[in-house]
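The following exercises concern the structure shown below. Each task is followed by a worked solution.

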Amino acid sequence: FFILKAVWAGWGHASENPALPRALAEAGITFIGPGAHAMNELGDKINATILAQSVNVSVVPWSGSGVFIDYEKEGTIPKEAML
């Protein structure tokens, strides 16, 4: 019998799935890695690129170069995206 306190998923599909840190948090288990919100925002290459170019980070030109997320309403990137 073991008491599980934390999980590190390593690499691969489980480590990239935002459902994993969410489920572990609900079970009271620490996930060693980015939070679910950060995975949602940055785990997908297209979303991550749109976020980067929205806050004036240089990105390689691509077909979505004109797509931006409006963070001006808040004035900053939401804290949830930085977790």
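**Exercise 1.** How many helices and strands does the protein have?

*Solution.* The model is predicted, so local features need pLDDT of at least 70 and side-chain atom pairs count only at pLDDT 80 or more, while totals for chains, interfaces and linings use all residues. Residues are numbered from 1 along each chain as its sequence is written, and side-chain values use heavy atoms, with hydrogens and water left out. Helices are DSSP runs of H or I with at least four residues, and strands are runs of E with at least two, numbered from the N terminus. On this basis there are 3 helices and 2 strands. Read from the N terminus, their order is β-α-β-α-α.

**Exercise 2.** Determine which residues form the largest nonpolar core.

*Solution.* Begin with burial: buried means under 20% relative accessible area, exposed over 50%, and partly exposed in between (1.4 Å probe, protein chains only). Of the 83 residues, 24% are buried. Next, a nonpolar core joins buried Ala, Val, Leu, Ile, Met, Phe, Trp, Tyr and Cys residues through side-chain atoms within 4.5 Å. The largest such core has 5 residues, namely Val7, Leu24, Ile29, Phe31 and Met39. Finally, consider the contacts of Met39 (heavy atoms within 4.5 Å). Beyond its neighbours within four places in sequence, Met39 touches several residues, among them Phe31, Pro34 and Asp44.

**Exercise 3.** Identify the buried residues of helix α3 and the element against which they pack.

*Solution.* Helix α3 spans residues 45–54, and its buried residues are Ile50, Leu51, Ala52, Gln53 and Ser54. These buried residues pack against α2. After α3 comes Asn56, with a positive phi near 65°.

**Exercise 4.** Describe the aromatic pair and the nonpolar surface patch.

*Solution.* Rings of Phe, Tyr and Trp (its six-membered ring) pair if their centres lie within 6.5 Å; planes under 30 degrees apart are stacked, over 60 edge-to-face, and the rest tilted. Ile32, in the loop between β2 (30–31) and α2 (36–42), counts as partly exposed because its relative accessibility is 47%. Together, Trp8, Trp11 and Ile32 form a nonpolar patch on the surface with about 460 Å² of accessible area.

Terms used: Patch = residues over 30% accessible without salt bridge, like charges linked within 9 Å, V, L, I, M, F, W, Y side chains within 5 Å. Areas by Shrake-Rupley, 256 points an atom, 1.4 Å probe, with all protein chains shown as cover. Salt bridge = Lys/Arg side-chain N within 4 Å of Asp/Glu carboxyl O.
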